[in-house]
Amino acid sequence: NILLAARRPFAAASAEIRARLLSGTVIGSDETGLRVDKRGWWLWVFQHGRNACFLTHPRRSKEAVEAFLGDVRPQVWVADRYGAQAGWAAHRQVCLAHLLRDTQYVIDEGDAVFAPTLRHFIGVACDEAQLRDRWNDVTLDLHRRRLEAKLGRVLALDPVHPAGVKWKAT
């Protein structure tokens, strides 16, 4: 009875959250496996800031993203490198948490050149991102140029371990 009574208010609140997400310029997403009636489904999350919507879908495919977005296309899409999450926005940002995790896998495989340097760079970029709201435009531009130069040096590295070679190529 409690769940039945909460259905309408919950649906209204969910619709408001979805509307806020779809009216914004940035959406982040991810998916994970879920069991529904003894079958494999997918639990998708679409979020930005304090707003998050969850969608259960029988497929881990672009159909789930289409079901959430409809005709809306944000300016920026933040997600892992899974193909179903590509092409939904003018710009794509790879989720740094996923990038760090994948980079750590390469370090664990034995790469001692590219992946450790990339991991350090991502850490520096994350540290600076926490301060960006305090900086004026000139300082922001200075840090952006410094990070771009550092990234250029990271990408110029030539890993010798097969895992590092493969990771750099992706």
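A: Helices (H or I, at least four residues) and strands (E, at least two) are DSSP runs, numbered from the N terminus. The model is predicted: local features need pLDDT of at least 70, side-chain atom pairs count only at pLDDT 80 or more, and totals for chains, interfaces and linings use all residues. Residues are numbered from 1 along each chain as its sequence is written, and side-chain values use heavy atoms, with hydrogens and water left out.

Burial is judged by relative accessible area: under 20% is buried, over 50% is exposed, and values in between are partly exposed (1.4 Å probe, protein chains only). In α4, the buried residues are F114, A115, L118, F121, I122, V124 and E128. An α-helix has 3.6 residues a turn, so residues three or four places apart point the same way. The cover over the buried residues of α4 includes α3 (96-109), α5 (137-155) and α6 (162-169), where contact means heavy atoms within 4.5 Å.

The pairing with α5 can be described by its geometry. Axes are lines fitted to C-alpha atoms, for helices over the stretch in contact, and angles run from 0 to 180 degrees between N-to-C directions. The axes of α4 and α5 come within 10 Å and cross at roughly 170°. That angle makes α4 roughly antiparallel to α5, since angles over 145 degrees count as roughly antiparallel, those under 35 as roughly parallel, 65 to 115 as roughly perpendicular and the rest as oblique. From α4, the contact uses F114, T117, L118, F121, V124, A125 and E128, which meet H143, L147, K150, L151, V154 and L155 of α5. By class, the residues of this contact are nine nonpolar, two polar and two charged. In this scheme Ala, Val, Leu, Ile, Met, Phe, Trp, Tyr, Cys and Pro are nonpolar, Asp, Glu, Lys and Arg are charged, and the others, Gly among them, are polar.

R119 also belongs to α4. At 35% relative accessibility, R119 counts as partly exposed. Beyond residues up to four places away in sequence, R119 touches L100, T103, Q104 and I107.

H98, L99, D102, T103, V106 and I107 are the buried residues of α3, and they pack against β1 (26-36), β5 (91-94), α4 and α6. H98, in α3, counts as buried at 12% relative accessibility. Apart from neighbours within four places in sequence, H98 is in contact with D30 and D80. Just after α3, G110 takes a positive phi of about 125°.

The cysteines come next. A disulfide, taken here as a pair of cysteine sulfur atoms within 2.5 Å, does not occur: the count comes to zero. C53 is in no disulfide, and the nearest cysteine sulfur, that of C95, is 18 Å away. C53 is buried, with a relative accessible area of 10%. The sulfur of C126 is too far for a bond, because the closest cysteine sulfur, in C95, is 9.5 Å away. C126 is partly exposed, at 26% relative accessibility.

Most residues other than glycine have a negative phi, and most peptide bonds are trans. D37 has a positive phi of about 50° although it is not a glycine, and D37 lies in the loop between β1 and β2 (39-48). At 74% relative accessibility, D37 is exposed. K38, also not a glycine, has a positive phi of about 65°, and K38 lies in the loop between β1 and β2. The relative accessible area of K38 is 76%, which means that K38 is exposed.
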